[in-house]
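The exercises below concern a predicted model.

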Amino acid sequence: MYGFTQTYYSTGHVTCELARSALVSFRYLGISPTSSDLVAKLRNMNGSEFEQFVADTFRKMGYVVEVTGGVSDHGVDLLMRKDDQLIAVQCKCWSGPVGEPVVRDFWGSLMNAGTQFGYIVTTSSFTDQAVAFAQDKPIQLTDLDALVDLVVRGSTNAGIGTESCRNWHK
């Protein structure tokens, strides 16, 4: 962003190139129709459909995935295996942000299930408190932007928004 300010002040006006760079940087340009279609599809899913979608996404990444399903899943919607590790996933098909109490409960579920790592994947975002709580724990928070990046661009660095807390577990 420093380049935008420097260019603007040095030329005294906004050029087409400068405007385009700013729009790409702020993600108003460069989002493919596929990404927009995917966002709409994700936002229209119910909870079960979203769990299946996330399970299929992880399967494409080489995980063996079991959908636990049901009301008494104790906060673990998917159990996955890869490279002799057991990994838990919680899926939140929500329109509002996922808060710290959800992450705290999931942390307890991870310890109870005996898993080494966990993901919380949502169709929305995470509160600052949720991010802070997960910071030093083996929990990857994956919001809508990161999920779209993972699916559309094949990114393996999918964390909150465009900044990852930590890399996807490998």
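**Exercise 1. Find which residues form one aromatic cluster, and classify the geometry of the pairs F58–Y119 and F117–Y119.**

*Solution.* The cluster consists of F58, Y63, F117 and Y119, and the count of aromatic pairs in the model comes to three. For F58 and Y119, the ring centres lie 4.9 Å apart and the planes stand at 45°; since planes under 30 degrees apart count as stacked and those over 60 as edge-to-face, this pair is tilted. Because F58 belongs to helix 4 (residues 47–60) and Y119 to strand 4 (residues 117–122), the pair ties together parts that are 61 residues apart in sequence. The pair of F117 and Y119, by contrast, is edge-to-face, with 5.1 Å from centre to centre and 70° between the planes. As to accessibility, F58 and Y119 are both buried, and F117 is buried as well.

**Exercise 2. Determine which lysines lie over the faces of Y63 and W107.**

*Solution.* Over the face of Y63 lies K82, at 4.7 Å from the ring centre. For W107 the corresponding residue is K137, which lies over the ring face at 5.9 Å from its centre.

**Exercise 3. Describe the largest nonpolar core and state which elements give two or more residues to it.**

*Solution.* The largest core has 23 residues, and those with the most contacts inside it are L42, F58, V89 and Y119. Two or more residues come from each of helix 3 (33–43), helix 4, strand 2 (78–82), strand 3 (85–92), strand 4 and helix 7, with the largest share, five residues, coming from helix 4. Apart from this core lies another, of 17 residues, which includes A88, V102, I120 and F126.

**Exercise 4. Work out the strand order of the sheet and identify its edge strands.**

*Solution.* The sheet is open and is formed by five strands in the order 1-2-3-4-5, with mixed pairing. Its edges are strand 1 (64–67) and strand 5 (139–142), each of which pairs on one side only. Neighbouring strands are turned against each other by 20° on average, direction ignored. Strands 2 and 3 run antiparallel and are joined by five bridges; in one of the bridges, L79 has A88 in strand 3 as its partner.

**Exercise 5. Examine helix 7 (residues 144–153): which of its residues are buried, and what contact is found at its start?**

*Solution.* The buried residues of helix 7 are L144, A146, L147, V148, D149 and L150. At the start of this helix, a side-chain oxygen of D143 comes to within 3.3 Å of the backbone nitrogen of D145.

Conventions: Residues are numbered from 1 along each chain as its sequence is written. This is a predicted model: local features need pLDDT of at least 70, side-chain atom pairs count only at pLDDT 80 or more; totals for chains, interfaces and linings use all residues. Side-chain values use heavy atoms; hydrogens and water are left out. Rings of Phe, Tyr and Trp (its six-membered ring) pair if their centres lie within 6.5 Å; planes under 30 degrees apart count as stacked, over 60 as edge-to-face and the rest as tilted. Helices (H or I, at least four residues) and strands (E, at least two) are DSSP runs, numbered from the N terminus. Buried means under 20% relative accessible area, exposed over 50%, partly exposed in between (1.4 Å probe, protein chains only). A charge sits over a ring if NZ of Lys or CZ of Arg is within 6 Å of the ring centre and within 35 degrees of the ring normal. A polar contact is a pair of N or O atoms within 3.5 Å; within protein, one must be able to donate a hydrogen and the other to accept it, and residues adjacent in sequence count only if both atoms are side-chain atoms. A nonpolar core is a set of buried Ala, Val, Leu, Ile, Met, Phe, Trp, Tyr and Cys residues joined through side-chain atoms within 4.5 Å. Two strands pair if DSSP finds at least two bridges between them. Axes are lines fitted to C-alpha atoms, for helices over the stretch in contact, and angles run from 0 to 180 degrees between N-to-C directions.
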